[in-house]
Amino acid sequence: LGGGDCGGGKRELHSQTSTTSSTSSSSSSSHRSPTSHIYGINDPNHIPTTLQNITSHRLQSVSHSKSKVSTSELTEMYASFKSTYGPPLNLFTSITSSHPVMSLAAEFKRASPSKGVINSEASAGEQAVKYADSGANIISVLTEEKWFKGSLEDLRSARVNTQSWSTSPTGPGLSSRPLILRKDFIVSKYQILEGLAHGADTVLLIAAITPEDELKDMIDYCREFGVEPLVEVHGDDELAVALDAGARVLGVNNRNLHNFKVDMGTTERVVCRVREEFGVECRHGR
């Protein structure tokens, strides 16, 4: 799975079983700290990057959300939503079942740190239906409020509207509706449940901001609901962490979220590294 950014790039999803499924890890996690892959972690002079500032703010906002809506209330909200609209679809199953055809993800966001405001008046539900009608298999919805001007209501609107579209006379049917991905800076299992309660089928987990033990914990938590998360990596260190944490679906970000530099060769290098890990020859060529 390749592409993606924090500001305005693209994300392409394709099903390659050698890059989405793992039963072993690329390196032993016992030889490294759970936070050794996090940029600047051992540098006393480190200045937090934009990604880290967003993450810090998200930690505070999640604490505030918990004070307003408890976990038990979210659990009830999720049960109610599932009763009305059905359970979440599984990302891994969706991608592998379409193999060898590529699965395409389209993204909805009103703004970003690098681009500023893109379209503050855009409707998540309407845009999601346009994406679905154009062939998108996964629709990524930004829910972070400060930098991306997103909301949980955008997530719900995208799910409800695409589900209605899928069951319309011209739609593909409920089982073929696009998956809705909550794209945010997930720092707590609370946000996973929050996403499910608002219609998410899956969530984005970013290796660059997540200690390895917490990443594994959140992946396992997702699977308790039948949800397979998309784990985003950028480079070998984060890839090793993701595989050791048990990730089955990888998103490769060609943009370094700490300095916003884009290297379109990142996906190729990471895919080759995964193939080597599982004994599949990787040939470089044009």
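Is Ser-63 buried, partly exposed or exposed? Ser-63 is partly exposed, because its relative accessible area is 47%; buried means under 20% relative accessible area, exposed over 50%, and partly exposed in between, with a 1.4 Å probe and protein chains only. This is a predicted model, in which local features need pLDDT of at least 70 and side-chain atom pairs count only at pLDDT 80 or more, while totals for chains, interfaces and linings use all residues. Residues are numbered from 1 along each chain as its sequence is written, and side-chain values use heavy atoms, with hydrogens and water left out.

**Confidence**

- The mean pLDDT of the protein is 86, and 86% of its residues reach 70 or more; pLDDT is the predictor's confidence in each residue, from 0 to 100.
- Over residues 1-28 the pLDDT is below 50, and this stretch has 109 contacts in the model beyond near neighbours in sequence. A contact means heavy atoms within 4.5 Å.

**Nonpolar cores**

- The largest nonpolar core has 31 residues. Such a core is a set of buried Ala, Val, Leu, Ile, Met, Phe, Trp, Tyr and Cys residues joined through side-chain atoms within 4.5 Å.
- Two or more residues of this core come from each of α3 (71-85), α7 (189-197), β8 (202-206), α8 (212-224), β9 (230-233), α9 (236-244), β10 (250-252) and α10 (266-277). Helices (H or I, at least four residues) and strands (E, at least two) are DSSP runs, numbered from the N terminus.
- The residues with the most contacts inside the core are Ile-192, Leu-205, Leu-215, Ile-219, Val-231 and Leu-250.
- Leaving aside neighbours within four places in sequence, Ile-192 is in contact with Ile-186, Val-203, Met-218, Tyr-221 and Cys-222.
- Another core, of 18 residues, lies apart from the largest one and has among its members Leu-51, Ile-54, Ile-138 and Val-249.

- Strand β8 is largely enclosed by the rest of the structure, because five of its five residues are buried.
- Both faces of β8 are covered, with Thr-202, Leu-204 and Ile-206 buried on one side and Val-203 and Leu-205 buried on the other.
- Strand β7 (residues 179-183) runs parallel to β8 and is joined to it by two bridges; two strands pair if DSSP finds at least two bridges between them. Leu-181 has Thr-202 of β8 as its bridge partner.
- Helix α8 has 13 residues and reaches 19 Å from its first C-alpha to its last, close to the 18 Å expected at 1.5 Å a residue. The expected span of a helix is 1.5 Å times one less than its number of residues.
- The buried residues of α8 include Glu-212, Leu-215, Met-218, Ile-219, Tyr-221 and Cys-222, and their cover includes α7, β8, β9 and α9.
- An α-helix has 3.6 residues a turn, so residues three or four places apart point the same way.
- Just after α8, Gly-226 takes a positive phi of about 75°.

- Ser-63 lies in helix α2 (residues 50-68). Between Ser-63 and Tyr-190 the C-alpha to C-alpha distance is 9.6 Å, although they are 127 residues apart in sequence.
- Ser-188, in the loop between β7 and α7, counts as buried because its relative accessibility is 14%.
- A polar atom of the Ser-188 side chain lies 3.0 Å from the backbone nitrogen of Tyr-190. A polar contact is a pair of N or O atoms within 3.5 Å; within protein, one must be able to donate a hydrogen and the other to accept it, and residues adjacent in sequence count only if both atoms are side-chain atoms.
- Beyond neighbours within four places in sequence, Ser-188 is in contact with Val-62, Lys-66 and Met-218.
- Gln-191 lies in helix α7 and counts as buried because its relative accessibility is 0%.
- The side chain of Gln-191 has a polar atom 3.2 Å from the backbone oxygen of Phe-185. Outside four places in sequence, the contacts of Gln-191 are Arg-58, Val-62, Arg-182, Asp-184, Phe-185 and Ile-186.

**Backbone features in loops**

- The peptide bond from His-99 to Pro-100 is cis, with omega near 10°; Pro-100 is in the loop between α4 (91-97) and β3 (103-108).
- Lys-149 is not a glycine, yet has a positive phi of about 55°. Lys-149 is placed in the loop between β6 (138-142) and α6 (152-166).
- Phe-260, in the loop between β10 and α10, also has a positive phi, near 65°.
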